[in-house]
Amino acid sequence: MGKGRPFLEVFTCALNEDHRFPILELLVLLCALCTVFLAGLAAVYGFTTVEAFTHNLLSSSTWPLIILVGISILKNIAYGLGNDVEQGIIQTLFSYPLKKGYILTAKLLSALVIPLLLFLGISIFGLFLFFPDIILANPCTVFLTYAAQLSPVLLAAGLLLLLALRLKRGVLALIAGLVLCFMLFVIFDSVANSIAYGTGSDWSLKIYAVITPNLALQEYYLGTQGFSSGIWVPSFSEVLLCLLAGYLLVAVVFIVGYVYFKRGLRI
Amino acid sequence: MSLILVDDIAKSYGKVVAVDGLSLRVEEGSIMGLIGPNDVGKTTTIKIIVGLLKPDRGFVRVFNEEPWDNPALKSKIGIIHERARFPSHHKVLDYLQRVCRIFGKPESRAREVLALTKLEYAYDRTIKTLSAVMLQKFAIAHAWINQPVLIIADEPTSNLDPAARNDLLDLILKLHQDENVTFLISSDIVPELDRVCDTVAIINQGKIWASGGLTELSERLGARTTRISADNPEALGELIRKLEYVSRVEVDSRGVSVGVIGEEDGKLYEDVPKLAKKAKARIVGIQSGTASLEELFRLAVKSGQGG
C-alpha cells in the first residue's frame, strides 16, 4: 500500500475538521468583499512610479485579508492542533500507516496552505479583474509584494505551531498565539519605529524588516516619502536580503516545529 | 515466536522515572495482561511498544521491527489507546470508512466492525455525541478495521460498564479463538484480565516484577488461595483476618477464601482448626489452589510498598 492514499485521507479529514461550514464560505465572502472595496479606495491615490502604485494597491487591498487569513490560521493551528494534541487525536492519527512528518504536513496543508491559497486566489483574481494592465505589467512587483506580505504570516504560523506543540492545550495556545501576534506586529513595530525616530539610526527598522519584509519594500518604493521619513531608504538588494532572511527565519521555525513534532512531542 | 520483544528499556520524564530496566516478551497466539497499580509505567510501556515514545535506552522489536515512527508496522497491529479520541465532527460510519481506505480495506468492513462491537445503531451519529461507553466500543472497532494479527490495548475497559466490559472480554476471547489474534492488554482491573489472559506480566515501579503463566507464577511466588468450607463463616473469617501471613480474606455464606503468600500455606492448615474451635464453626473441608491474578497483583503492590 502506497502512502499517497493514507496521506490524502488524513488531509481531507483535517480539512473537514478545520473548515467546517460556514467558516470557509465566510472567509471567501469577506476576502472577496475586502479586495473589491479596498482596491477601489487604494486606486484613488497617485504615486510617482507605477511600481510604487502597484505595491500600494496590493498592500492596501490585502492587509485586511491577511488579518482574516491570520485569524483562520490562528484558529486552525493554535486551537485546532493544540486541541488535537491535548485530547489525544494525534495519537489516533499516529496509529495509521504514515510517518509522523506526513501527518504534520497533512495537518498544516489544511490549516495553513488552504487559507493562504484562498487568499492568493481571490486577491490576485480580484485585482486582475479591476486592474489587468497594472498587474500584468509589473509581475516582479506583484510577486515581491505578495512574498513580503506572506512572510510574517508564515512566521506567525510557524511560531503558533511551536506554541501549540509545546503547550499542548488548545485554548492556552490560542491565547498565547494572540499575545505573540500582538507583540510581533504591534509592539515590535512601535518599538522599532520609536528607536529609529529617537536615535535617527536605521538598524531597528532593518531588524524589524526581517520579520515583516513588506516594510523594506514599502520604504524602497516610497523613498524619502516613506513612513520612516527617509531614515532608512533601502536599496533593492537590501529588500531582497530582508525577504530572504525573513523566509530563512520561517524555514528555521518550521524545521524546529517538525523536529519537535517527530522527536520531542510527549503524548 | 515472539511478536513483541522488549529488553531493558528505560524512559524518564525529566526527573520522573516512568520505566526503568523493563523487559517483556509476548508470544504469538497469547493474551498477555500487563497489570500493575496506577502510575507504575504501564501506559509508557505501551506507548514505547506502539512507537509513540522513544525509550531513553533499551531494545524494542514488534514483528522483529523497530516500532518508532514505522508506518509499515501500523498495518499489522491494532491499537486501543487509553481514553482514545477521534476527529469529533465526523459521523461514526463515515470515519470508519475513511479508516478502511487508509488501510486499503473495502469500505464494507466498517459496517462489519460496527456490528461486531454492537454499534450498528450509531452509524449516523457524529463522534462527539457518543457516550464514553460508545466511544470505547468505537475505539475497539477502529482498532479491528485492519484485521491486525496483534492488538495492543491500554486500559480498554476503563470507560465501560460491567455489561460492556463482559462484552469486550467475550469479543477478545472470540477474536483470539476464531482469528488467532494476539493481545497485549494493560489494565488495573485485575479480575477481568484473570478471565481472558493466559500469561501476565506484573509491572511495578517501572519494572516487570514477575511474568509468566498464572499457575507458573503462583507456584514461583508461593501465592495460594485456600478455600475453607465451614458453617459460621463470618466469625471464622474475622479470626483468620488477624493472622499476619494472610493477604486476603473473603467471606461468603458457605465459607471463607483465604489468600496466603509464601511458605505459610501449611501453617494455615495448623491454625484453622484452632480458630474454628474458637469461632464455634464446624469445618466441612479445606482445599488449596492456584492464587488468583488479584492475589498476585496484591503481592506486587505490597512488594512495591516495601511490604
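The structure is a predicted model, in which local features need pLDDT of at least 70 and side-chain atom pairs count only at pLDDT 80 or more, while totals for chains, interfaces and linings use all residues. Residues are numbered from 1 along each chain as its sequence is written, and chains are lettered from A and ligands numbered from 1 in the order in which they are written.

Chain B contains 11 helices and 13 strands; helices (H or I, at least four residues) and strands (E, at least two) are DSSP runs, numbered from the N terminus. The C-alpha trace of chain B spans about 70 × 45 × 35 Å along its principal axes. Of its 307 residues, 44% count as buried, a residue being buried if 20 or more other C-beta atoms lie within 10 Å of its own, exposed if 12 or fewer, and partly exposed in between, with C-beta atoms placed from the backbone. Two residues are in contact if their C-beta atoms, placed from the backbone, lie within 7 Å. Among contacts in chain B between residues at least 6 apart in sequence, 68% join residues at least 24 apart.

An open sheet of chain B is formed by 6 strands in the order β5-β6-β7-β3-β8-β9, with mixed pairing; two strands pair if DSSP finds at least two bridges between them. Its edge strands, each pairing on one side only, are β5 (77-80) and β9 (207-213) of chain B. From one strand to the next the twist averages 15 degrees; axes are lines fitted to C-alpha atoms, for helices over the stretch in contact, and angles run from 0 to 180 degrees between N-to-C directions. Strand β8 (residues 199-204) of chain B is joined to β9(B) by 6 bridges, and the two run antiparallel. Within this pairing, A201(B) has S211(B) in β9(B) as its bridge partner.

Two helices of chain B pack on the sheet. Helix α1 (residues 42-49) of chain B touches β3 (31-35), β6 (150-154), β7 (182-187) and β8 of chain B, and its direction makes about 150 degrees with that of β6(B). Helix α5 (residues 132-144) of chain B touches β5 and β6 of chain B, and its direction makes about 165 degrees with that of β5(B).

The contact between the chains takes 24 residues from chain A and 20 residues from chain B. On the side of chain A that touches chain B, α1 (4-18) and α4 (89-93) of chain A are the elements that give two or more residues. The largest share of that side, 6 residues, comes from α1(A). By class, the side of chain A comprises 9 nonpolar, 6 polar and 9 charged residues; Ala, Val, Leu, Ile, Met, Phe, Trp, Tyr, Cys and Pro count as nonpolar, Asp, Glu, Lys and Arg as charged, and the others, Gly among them, as polar.

Within chain A, helix α5 (residues 100-130) and helix α11 (residues 236-264) pack at an angle of about 130 degrees, with their axes 9 Å apart. The helices α5(A) and α11(A) are therefore oblique to each other, since angles under 35 degrees count as roughly parallel, over 145 as roughly antiparallel, 65 to 115 as roughly perpendicular and the rest as oblique. Residues K100(A), G101(A) and L104(A) of α5(A) make the contact with Y258(A), F261(A) and K262(A) of α11(A).

In the second pair, the axes of helix α3 (residues 50-87) and helix α10 (residues 214-222) of chain A come within 9 Å and cross at roughly 145 degrees. Here E51(A), A52(A), H55(A) and S59(A) in α3(A) meet N214(A), L217(A), Q218(A), Y221(A) and L222(A) in α10(A).
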